Amino acid sequence: MRIDCLQQGAEFPRLQASALLIRDGGLRAVVDCGERSSRVAILTGLAGCQTSPREVELLVLTHLHFDHCENVDLFERALVVVHWREVELLERLLRETTVDGLRALLLEHHQALPPFYLRRILQKLTDHRDDYARLLVDRGRLHLVEREQQALGGLQIVQTPGHSIGHLAVGVPGDRPVWIVGDAVTSLRDWLAPGSEAPTFCWNAAEAHRTRRAIGQWESVVVPGHGSPFDACTGAPVPFRDLR
Ligand SMILES: [Zn+2]
């Protein structure tokens, strides 16, 4: 399988999530699709891979934080793979009619949520409500993940909860397996930080730690949500171009 980076992730304050294209024979799969402001970059990245958004059959969303999921509509023919608990939470958020109600629900679902992110999520859910609602309208396009682990199009989809309530990671087989782990690990810097350090942004800290321990045992190349890939055994950075 060949992996190409459509958009390289960056940490706060630039804050953009990595988006990746996986190709294998006829398969075209994308993992995470950035926020609205990344639209041109994602389309440019696809064009550089001679791939039209309409050719993408699978769009896996590691989770429904805004920086990972706002361009779903670009991939009009893709099956959208997302954990059912992420969708359930989004439905609950969209039923809230007041900012206070939204804030309360977000705080209830995050043990740690820095004020900056709380403000951004609230702003997104109020200013772009229709975009998020559209994600839920065409239920036939959603593939709701319920199992711990499943294979889809030759990819492994595994639950990695902690950062968010229904976070997913995507395993790409090969001589050197690659795991695209979204914000289960945000960056190499995050990976190398002492394990006892409490996550600054998470649904559940204990689950986040459990997930990170599991990722450490996969002995693979890890693509974090917001930084360069790295070898999980050695901690050495791996350039995006070497993923293929
Ligand atoms: Zn996130």
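This is a predicted model: local features need pLDDT of at least 70, side-chain atom pairs count only at pLDDT 80 or more; totals for chains, interfaces and linings use all residues.
Residues are numbered from 1 along each chain as its sequence is written.

View 1. Gln50 is found in the loop between H1 and strand E4 (58-60). Helices (H or I, at least four residues) and strands (E, at least two) are DSSP runs, numbered from the N terminus. Asp32 is buried, with 29 other C-beta atoms within 10 Å, whereas Gln50 is exposed, with 8. The cut-offs: buried takes 20 or more other C-beta atoms within 10 Å of the residue's own, exposed 12 or fewer, and partly exposed is in between, with C-beta atoms placed from the backbone.

**View 2. Helix H3 and what it packs against.** H3 covers residues 84-95, and its 12 residues should span 16 Å at 1.5 Å a residue; the end C-alpha atoms are 17 Å apart, which agrees. (The expected span is 1.5 Å times one less than the number of residues.) Arg85, Glu86, Val87 and Leu89 are the buried residues of H3. They pack against strand E5 (79-83), helix H6 (129-137) and strand E6 (142-145). Contact here means C-beta atoms, placed from the backbone, within 7 Å.

**View 3. H3 against H6.** The two helices pack at an angle of about 135°, with their axes 10 Å apart. That makes H3 oblique to H6. Axes are lines fitted to C-alpha atoms, for helices over the stretch in contact, and angles run from 0 to 180 degrees between N-to-C directions. Under 35 degrees counts as roughly parallel, over 145 as roughly antiparallel, 65 to 115 as roughly perpendicular, and the rest as oblique. On the H3 side, Val87, Leu90, Glu91 and Leu94 make the contact, and on the H6 side Arg129, Tyr132, Ala133 and Leu136. By class that gives 6 nonpolar, no polar and 2 charged residues.

**View 4. H4 against H5.** Helix H4 (residues 99-108) and helix H5 (residues 115-127) pack at about 130°, axes 10 Å apart. So this pair, H4 and H5, is oblique too. H4 brings Val99, Leu102, Arg103 and Leu106 to the contact, and H5 brings Leu118, Ile121, Leu122, Leu125 and Thr126.

**View 5. Ile165 in its loop.** Look for Ile165 between strand E8 (155-159) and strand E9 (168-172). Ile165 is partly exposed, with 18 other C-beta atoms within 10 Å. Not counting residues up to four places away in sequence, Ile165 touches Arg85, Glu86, Leu89, His109 and Trp203. His110 is 55 residues from Ile165 in sequence, yet their C-alpha atoms are 8.6 Å apart.

**View 6. Val145 in strand E6.** Val145 counts as buried, with 23 C-beta neighbours inside 10 Å. Leaving aside neighbours within four places in sequence, Val145 is in contact with Val81, Val82, His83, Trp84, Gln150, Ile157 and Leu168.

Conventions:
Two residues are in contact if their C-beta atoms, placed from the backbone, lie within 7 Å. Ala, Val, Leu, Ile, Met, Phe, Trp, Tyr, Cys and Pro count as nonpolar, Asp, Glu, Lys and Arg as charged, and the others, Gly among them, as polar.
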